[in-house]
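Subject: Structure handover

Hello,

Here is the structure we talked about. Please open it alongside this email and follow the residues as they come up.

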Amino acid sequence: MGLLIDGQWQDKWYDTDSTGGRFERQASSFRRRVTPDGREGSFPAASGRYHLYVSYACPWAHRTLIFRKLKQLESHISISVVHWYMGDHGWSFADAEGVVPDPVQGAEYLYQVYLAAEATFTGRVTVPVLWDLEQGTIANNESAEIIRMLNSAFDEFAAPGDYYPAAFRREIDAINDRVYTTVNNGVYKAGFATTQQAYEEAVVPLFDTLDWLDQRLASRRFLVGAIMTEADWRLFTTLVRFDPVYFGHFKCNTRRLVDYENLWPYVRDVYQTPGVAETVHLDHIKPHYYMSHDRVNPTRIVPLGPAIDYAAPHYREHLD
């Protein structure tokens, strides 16, 4: 795991010495918008113009794969998939099951894609990356913004469906804010903490929020009620990794997800949305975390369990 500094790759772990043992996530660097018409300096939506770089292991990239599937954009936005192992040179396109090489740059490593966009780039090299084939640059590498663009910018040729409806945006945003801080990023703040205090500061709010979500789902099928929204998908990609990875590897072990009365059925329910199971690759998720994070798991032993069956029958239709 590393980063680019003035266009030079450096194999460096996160600096927690200067933060009291706390993990602090870097803000995304490329934040251009894709809009239906390309107005006000944005990039216009067009079939075949964009290429998406993802990792099956990464929950942030997983969001974009789900939205690409839900909106049936597979024939309009091509993808490359990195190897699950993040080594001394970061994400790579080394040959392995599930890897899809880079047809744009012919890159060996993902950081070369970043350098193709900005030769002196400084920062972490992350997925997802939405590449603009026409201008030859990164349009956006912030997952929260990419899924919003996939949700609506490509509607001229995408499947119907709005996962950020205007009537629920305030509620969705409020849920997203809490879930991002304490759950999506919270598991990383716990797992990458290097002091006891920093770890506990992350784990306690994480489980407070999981308890709150479980109570919320006692009276509704999805997070804002009867309809599935962006908030569900942003939560799902963390929860689907929770018991296999975060519970043990990141020491988020107050409770397992399967111990929750409502959260666990909810995840199994959402998993059955047509096409979504195809985006979940535990064969990339588990080895990525346990073998790529030497600071967290120096032995690189990948546990055999847990045995999890997400494919349960729908049984929550009676909820509002």
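Below are some notes on what was found in it.

This is a predicted model: local features need pLDDT of at least 70, and side-chain atom pairs count only at pLDDT 80 or more, while totals for chains, interfaces and linings use all residues. Residues are numbered from 1 along each chain as its sequence is written, and side-chain values use heavy atoms, with hydrogens and water left out.

Start with Asn-141. It sits in the loop between β9 (137–140) and α3 (143–152); helices (H or I, at least four residues) and strands (E, at least two) are DSSP runs, numbered from the N terminus. Asn-141 is buried, at 3% relative accessible area. Buried means under 20%, exposed over 50%, and partly exposed in between, using a 1.4 Å probe and protein chains only. The side chains of Asn-141 and Tyr-114 make a polar contact of 3.1 Å. Such a contact is a pair of N or O atoms within 3.5 Å; within protein, one must be able to donate a hydrogen and the other to accept it, and residues adjacent in sequence count only if both atoms are side-chain atoms. The Asn-141 side chain also reaches the backbone nitrogen of Ser-29, at 3.3 Å. Leaving aside neighbours within four places in sequence, Asn-141 is in contact (heavy atoms within 4.5 Å) with residues including Phe-30, Thr-126 and Pro-128.

Pro-128 itself lies in the loop between β7 and β8 (129–132).

Three strands form an open sheet in the order β2-β1-β7, with antiparallel pairing; two strands pair if DSSP finds at least two bridges between them. Its edge strands are β2 (8–10) and β7 (123–124), each pairing on one side only. Between β1 (residues 3–5) and β7 there are 2 bridges, and Leu-4 stands opposite Gly-123 in β7.

In the loop between β1 and β2 is Asp-6. This residue is not a glycine, yet its phi is positive, near 50 degrees. Asp-6 is exposed, at 54% relative accessibility.

Last, the largest nonpolar core has 100 residues. A nonpolar core is a set of buried Ala, Val, Leu, Ile, Met, Phe, Trp, Tyr and Cys residues joined through side-chain atoms within 4.5 Å. Helix α6 (residues 196–216) gives the most to this core, with 8 residues.

Regards
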